[in-house]
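Let's take a friendly walk through a protein model together. Keep the picture open beside the text and look for each residue as it comes up.

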Amino acid sequence: MNRTDLTEKNNRDWFQGKAFSDSGSDPEFQEIARGFLCGDVTEHGTLSNPQKALIRLAALTACQTWKPLARYTLSALDAGAAPEQIKETLYQCAPYIGLEKVQCALDEVNQAFQEAGIAVPTARQGTVTEETRFEKGLAVQQEIFGADTINAMRANAPEELKHIQDYLSAYCFGDFYTRGALDLKMRELITFCAICCLGGCEPQAKAHVGANLRVGNTRETLIDALTQCLPFIGFPRTLNALACL
């Protein structure tokens, strides 16, 4: 199938024929954009359609591109992503991009859910309590990065920064990584993509390359995920992220 036919097919299958068709003011730009997203990027790699859709939502959320989020949420549902997976993708971005940014994104997702007839709130996915969030978060953190690495980082933290290490274990890993709907591999892949989409976070991106490999994602998986981010973050941030590999 040639690129033109692929563009038409994927536009129809993923976006009900409405990708980059919000107005008639810039038909040439919309044609180029539609061709790149639907004719090139959508076809690339071995990620499943739900995975591709969730990565796109993570990229839009990390880049604070609120306006199209409802449309891409409906696309994710059409691609087979569960409502709980969509919500958890946005939740997973919170420790890396900030709480209010995720809340803005959730407002758009909830609007799309309402349009699709999906009741909110979705089913609860939390697995920790106030008493266990630190312990379970630390265990996940050690699983992802290695116990020796995490224990040394905590031991070597200056006294005035030890609370940051505690927050990292209890909040980032305890409150989020232990939740349901997404497995550890997908959560770590979303984290990597969110960090790369932010830009300027290359040390953290490199650390999460190693974390992804440790939990079972491959170099090819990371490249495929970054390819899905490319239309939303551009080439400079994508190339910087690829350099981290």
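Two parts of a protein are in contact when heavy atoms lie within 4.5 Å of each other. Helices (H or I, at least four residues) and strands (E, at least two) are DSSP runs, numbered from the N terminus. A residue is buried under 20% relative accessible area, exposed over 50% and partly exposed in between, using a 1.4 Å probe and protein chains only. This is a predicted model, in which local features need pLDDT of at least 70 and side-chain atom pairs count only at pLDDT 80 or more, while totals for chains, interfaces and linings use all residues. Residues are numbered from 1 along each chain as its sequence is written, and side-chain values use heavy atoms, leaving out hydrogens and water.

Start with helix α1. Its 13 residues reach 17 Å from the first C-alpha to the last, close to the 18 Å expected at 1.5 Å a residue; the expected span is 1.5 Å times one less than the number of residues. Which residues of α1 are buried? They are Leu6, Thr7, Asn10, Asn11, Trp14 and Phe15. These cover an arc of only 130° around the axis, so they sit on the same side of α1; the arc is taken from the directions that run from the helix axis to the C-beta atoms. An α-helix has 3.6 residues a turn, so residues three or four places apart point the same way. On the face turned away from the buried side of α1 you will find the exposed residues Thr4 and Arg12.

What covers the buried residues of α1? The cover includes α2 (27-40), α3 (49-62) and α4. Helix α2 has buried residues too, among them Ala33 and Leu37, and the buried residues of α2 pack against α1, α3, α4 and α12 (219-244).

Now look at the rings. Rings of Phe, Tyr and Trp (its six-membered ring) pair if their centres lie within 6.5 Å; planes under 30 degrees apart count as stacked, over 60 as edge-to-face and the rest as tilted. The structure holds five aromatic pairs. Phe15 is buried at a relative accessible area of 5%, and Tyr72 is buried at 5%. Ring pairs also link Phe15, Tyr72 and Phe232 into a cluster.

Another pair, Phe173 and Tyr177, is stacked, with 4.7 Å centre to centre and 25° between the planes. These two residues are four apart in helix α9 (residues 162-177), so about one helical turn separates Phe173 from Tyr177.

Finally, visit the loops. Most residues other than glycine have a negative phi, and most peptide bonds are trans. Gln16, in the loop between α1 and α2, has a positive phi near 55° and is exposed at 53% relative accessibility. Ala181, in the loop between α9 and α10 (184-198), has a positive phi near 80° and is partly exposed at 35%. Where does the chain have a cis peptide bond? The cis bond joins Val120 and Pro121, with omega about 0°, and Pro121 is found in the loop between α6 (99-116) and α7 (133-145).
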